Amino acid sequence: MRMLLIHSDYLEYEVKDRALKNPEPISEEQKKGRLDEVLAVFMSVEKADETNPDEVVEKAVIEIKDVASQVKADRIFVYPFAHLSSELAKPDVALKVLQRIEERLRQEGFEVKRAPFGYYKAFRLSCKGHPLAELSRTIVPSGETVS
Ligand SMILES: NCC(=O)N[C@H]1[C@@H](O)[C@H](n2cnc3c(N)ncnc32)O[C@@H]1CO
């Protein structure tokens, strides 16, 4: 799992087109979304994560919580982003991992939105630009190595 974490004044997206034959079914309301004062987390779920998705979910939540507490963000935007890795997990595994991360972050008390999976989306982001505003993290299940 590769994550790019951007502490932002806002992130807003608009669904443009389907990028998979079977994208995640979404409501009219989910075609656009915005959060202000948010930690945007762009995530590529990787092939290696398929060996233990549950472990990767927990490790990702720990990392996101750690950055959120450092930048004092209590809103998280989970953003599927297939451009941070050349060894992507299958879409069905990736979607489940991202849905679980969303669920676990809510359980941890964050306000969470997740951008729709399997679509091309326009987005606007306003990065705050402080020293911790742009971070990346790589997570692998135990026994796997970072390539
Ligand atoms: N920017 C637009 C976009 O990325 N669209 C991606 C993601 O929404 C999603 N997707 C598919 N596989 C993955 C994966 N392994 N990890 C994360 N997202 C994935 O499916 C789209 C096409 O790859």
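**Entry 1**

I started with Glu37, which is partly exposed, with a relative accessible area of 40%. For my own reference, buried means under 20% relative accessible area, exposed over 50%, and partly exposed in between, using a 1.4 Å probe and protein chains only. Glu37 lies in strand β2. I found a positive phi of about 50° there, although Glu37 is not a glycine. Most residues other than glycine have a negative phi.

Lys72 also has a positive phi, near 55°, and is not a glycine either. I located Lys72 in the loop between α1 and β3. Lys72 is exposed, with a relative accessible area of 71%.

A reminder on what I am looking at: this is a predicted model, where local features need pLDDT of at least 70 and side-chain atom pairs count only at pLDDT 80 or more, while totals for chains, interfaces and linings use all residues. Residues are numbered from 1 along each chain as its sequence is written, and side-chain values use heavy atoms, with hydrogens and water left out.

**Entry 1: the overall layout**

I counted two helices and six strands in the protein chain. Helices (H or I, at least four residues) and strands (E, at least two) are DSSP runs, numbered from the N terminus. Reading from the N terminus, I get the order β-β-α-β-α-β-β-β.

Next I checked the dimensions. The C-alpha atoms fill a box of roughly 35 × 35 × 25 Å along the principal axes.

Of the 147 residues, 45% count as buried. I also looked at contacts (heavy atoms within 4.5 Å). Among those between residues at least 6 apart in sequence, 88% join residues at least 24 apart.

**Entry 2: the cores**

Which residues touch the most other members of the largest nonpolar core? I found Met1, Ile64 and Ile101, in a core of 31 residues. The elements giving two or more residues to this core are β1 (2-18), β2 (32-44), α1 (53-71), β3 (75-80) and α2 (91-107). Helix α1 gives the most, with eight residues. By a nonpolar core I mean a set of buried Ala, Val, Leu, Ile, Met, Phe, Trp, Tyr and Cys residues joined through side-chain atoms within 4.5 Å.

I then followed Met1. Leaving aside neighbours within four places in sequence, the contacts of Met1 include Met43, Val45, Val56, Ala60, Val97, Ile101 and Ile139.

Is Glu55 buried or exposed? Glu55 is buried, with a relative accessible area of 18%. I placed Glu55 in helix α1. Not counting residues up to four places away in sequence, Glu55 touches Pro141 and Ser142.

Gly109 sits in the loop between α2 and β4 (111-114). Gly109 is exposed, with a relative accessible area of 61%. I took one distance from here: the C-alpha atoms of Gly109 and Pro141 are separated by 25 Å, and these residues are 32 apart along the chain.
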